[in-house]
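Welcome, and please open the structure in your viewer. We will start with the whole chain and then select one spot after another.

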Amino acid sequence: SAANLQYYILKLTLVVSATLFWLVGLAIVCVGTYAEVERQRNKTLGGLFVAPAVVLLLLGSLIFSVAFVGMVGALRDNKRLLRVFQWILFTILCLQLTFIVVFVLCRNKVLGIFKANVQEGIRHYYDDLDFKNILDKIQVKFACCGGDEYMDWEANQYHACQAPGPSACGVPYTCCVREQEGDVINTQCGYQALRLERVETDGYIYARGCVD
């Protein structure tokens, strides 16, 4: 009958969707586990902000668990599991809405925490490969440099003006302005950039921060 056909189509859709999300969750857990093992070998910083592997593990575990409940509930026509699945999804939706509201109401405080993490990451830029790769990509993608501004790199022991070595008083090459995508990268393009006034950085490095 039409009712049975509709039921089986709905069931098949739910099973397939839940199974796909279950596999995605499993894949994320595997990637997160591998990344966390690698991170532990070079671990210097704490905190979730500089540990994307931990975020992957938590996210993957959540997706895996929720999708598993939905998949089993749909396969076995278990109303209790389906009800649990429904309430979990509803709870996640409420948490997302709550997070958005909290962020809007406490935007300055949230940004303050975010900036503090960025500043801490800049200080340990060369010690934590996870954070280094993330910040490099952000600086290139959004054409920015540092947290508040390019002068934030003075806090890094290798880029501080009193530091020895060629990186002293400079910024990472990912802060440099590129004329064309695919240009040969000059890793010393940020040399002595911290000695420049903001107006002098135009066309040379990005002066604005990534948290603006």
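**The whole chain**

Begin with everything shown. Among contacts (heavy atoms within 4.5 Å) between residues at least 6 apart in sequence, 62% join residues at least 24 apart. Before going further, please note that this is a predicted model, where local features need pLDDT of at least 70 and side-chain atom pairs count only at pLDDT 80 or more, while totals for chains, interfaces and linings use all residues. Residues are numbered from 1 along each chain as its sequence is written, and side-chain values use heavy atoms, with hydrogens and water left out.

Now switch to a cartoon view. Reading along the sequence gives α-α-α-α-α. The radius of gyration is 24 Å, well over the 17 Å that the globule rule gives for 212 residues, so the chain is more spread out than a compact globule. (This radius is taken over C-alpha atoms, and the rule is 2.2 Å times the number of residues to the power 0.38.) Along the principal axes, the C-alpha atoms fill a box of roughly 75 × 40 × 35 Å.

**The surface**

Of the 212 residues, 28% count as buried. Here buried means under 20% relative accessible area, exposed means over 50%, and partly exposed is in between (1.4 Å probe, protein chains only).

**Salt bridges**

How many salt bridges does a search of the whole structure find? There are five, each a side-chain nitrogen of Lys or Arg within 4 Å of a carboxyl oxygen of Asp or Glu. Let us visit some of them.

Select Lys11 and Asp77. Their side chains meet in a salt bridge at 3.4 Å, N to O. Lys11 sits in helix α1 (residues 2-41) and Asp77 in the loop between α2 (52-75) and α3 (79-105), so this pair ties together parts that are 66 residues apart in sequence. Asp77 is partly exposed, with a relative accessible area of 41%.

Move on to Lys115 and Asp148. The closest N and O atoms of this salt bridge are 3.3 Å apart. It links distant parts of the chain, with Lys115 in helix α4 (residues 107-123) and Asp148 in the segment after α5 (129-141), 33 residues apart. Both ends are partly exposed: Lys115 has 31% relative accessibility, and Asp148 has 33%.

Now pick Arg198 and Glu149, a salt bridge whose closest N and O atoms are 3.2 Å apart. Arg198 and Glu149 each lie in the segment after α5, so the pair ties together parts that are 49 residues apart in sequence. Arg198 is partly exposed at 41%, as is Glu149 at 28%.

**Last stop: Leu196**

Finally, select Leu196, in the segment after α5. Which residues does Leu196 touch, not counting residues up to four places away in sequence? They are Tyr150, Thr201 and Tyr204. To end, draw a line from Leu196 to Asn133: the two are 63 residues apart in sequence and 26 Å apart in space, C-alpha to C-alpha.

Terms used. Helices (H or I, at least four residues) and strands (E, at least two) are DSSP runs, numbered from the N terminus.
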